[in-house]
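I opened this model to look up its domains, pockets, cores and a few loop residues. My entries are below.

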Amino acid sequence: MNWDSSLIKNLAWSSEIINAAGKQKVAQQIAAKVKDGDVLGVGSGSTVYMALLAIADRIKTEKLNVLAIPTSLEISMFCTKLGIPLTTLFEHKPDWLFDGADEVDPNNSLIKGRGGAMFKEKLLIASSAVNYIIVDDSKIVDKIGTNFPIPIEVFPQALLHVEAELQKLGANSIVIRPAKGKDGPIISENNNVVLDCRFDDVPLTLEKDIKGITGVIESGLFIGYNLEILVASNN
């Protein structure tokens with residue numbers, strides 16, 4: 001029996017899609033990589049959403065058997081709306097993943113996590129042999145941390161301990177990220193809070209140093225992962 005509901009059917013992307021033409025080109029590149037039988041790790045963000053639309057069209061027209069492991073509740077709902085079957089890491093390992101990023105430096109280090117899903121995003125990237133990161137020109141930086149702070153997911157009662165330890169690592173700004181659609185702080189996909197932290201320098205060890213703090217669930221700093229960067233040009 002199916003639900004008599006229009007909530008998923010009427011689901012729409014929640015924000016304006018910037019550089020839609022460039023993102024559409026990269027979305028088509030991602031969709032073209034899909035093969036029958038693939039298990040896809042599906043990240044977060046507007047470019048991922050556009051790629052899902054193109055993938056769903058191929059699944060429908062070519063009768064492809066494809067499974068998706070999403071990184072967020074929002075993307076899970078869109079997969080359901082688009083008729084893309086879901087699975088989990090309990091059942092399958094992703095053949096490849098596609099995701100976005102907030103910043104990418106010349107070494108392919110990333111900042112991710114503005115959507116509060118960095119733990120699942122990092123878990124899927126670490127589980128996948130091939131990872132495509134989709135960005136537009138504005139996300140390319142010479143130095144990581146230029147435009148965005150590093151998001152850090154923290155178990156709520158560990159906030160003050162984590163703050164003290166981050167200061168020892170050289171953080172010069174630490175703030176609790178506020179929510180825009182509710183009172184109080186934003187809540188991550190795992191029901192934790194997110195700290196946005198800035199550092200003057202980001203050494204190669206910083207990701208591991210942050211993760212080593214008791215109470216830190218994950219950070220949005222990605223250093224040394226096997227990534228292929230696809231750029232949606234504004235030109």
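**Ground rules.** I am working with a predicted model, where local features need pLDDT of at least 70, side-chain atom pairs count only at pLDDT 80 or more, and totals for chains, interfaces and linings use all residues. Residues are numbered from 1 along each chain as its sequence is written, and side-chain values use heavy atoms, with hydrogens and water left out.

**Domains.** I looked up the domain assignment first. It gives domain 1 (19–141 + 225–232) and domain 2 (150–219); such bounds come from an automatic or database assignment. Taken over C-alpha atoms, the centres of domain 1 and domain 2 are 25 Å apart. Domain 1 puts 14 residues into the contact and domain 2 puts in 13. Contact here means heavy atoms within 4.5 Å.

**Largest pocket.** I took a pocket as an open set of points on a 1 Å grid over the protein atoms alone, where a 1.4 Å probe fits, with protein on both sides within 12 Å along at least five of seven lines; lining residues have an atom within 4 Å of a point. The largest pocket holds about 1,000 Å³, a volume being the space filled by probe spheres set on the points, which are joined across faces, edges and corners. I found 38 lining residues, with W13, G45, S46, R114 and G115 nearest the centre. Two or more lining residues come from each of α2 (46–62), α3 (73–82), β3 (96–100) and β6 (131–136). Helices (H or I, at least four residues) and strands (E, at least two) are DSSP runs, numbered from the N terminus. By class I read 12 nonpolar, 15 polar and 11 charged residues in this lining. Ala, Val, Leu, Ile, Met, Phe, Trp, Tyr, Cys and Pro count as nonpolar, Asp, Glu, Lys and Arg as charged, and the others, Gly among them, as polar. Both domains give residues to the lining, so the largest pocket lies between them.

**Second largest pocket.** This one has about 300 Å³ of space. Its lining has 15 residues, and R114, R177, P178, K180 and I186 are closest to the centre. I noted 8 nonpolar, 1 polar and 6 charged residues in the lining of the second largest pocket.

**Cores.** A nonpolar core is a set of buried Ala, Val, Leu, Ile, Met, Phe, Trp, Tyr and Cys residues joined through side-chain atoms within 4.5 Å. Buried means under 20% relative accessible area, exposed over 50%, partly exposed in between (1.4 Å probe, protein chains only). The largest nonpolar core has 31 residues; I30, L40, V42, I55, I84 and F98 touch the most other members. Its largest share, 9 residues, is from α2. Leaving out residues up to four places away in sequence, F98 touches a list including I30, L40, V42, I55, Y132 and I134. Another core, of 20 residues, lies apart from it and includes L166, A171, C197 and I213.

**Loop residues.** N108 is partly exposed, at 26% relative accessible area. N191 also has a positive phi, near 65 degrees, and sits between β8 (171–176) and β9 (193–199). N191 counts as exposed, at 60%. V202 is in the loop between β9 and α6 (206–211). Beyond four places in sequence, V202 contacts I144, I150, L221 and I223.
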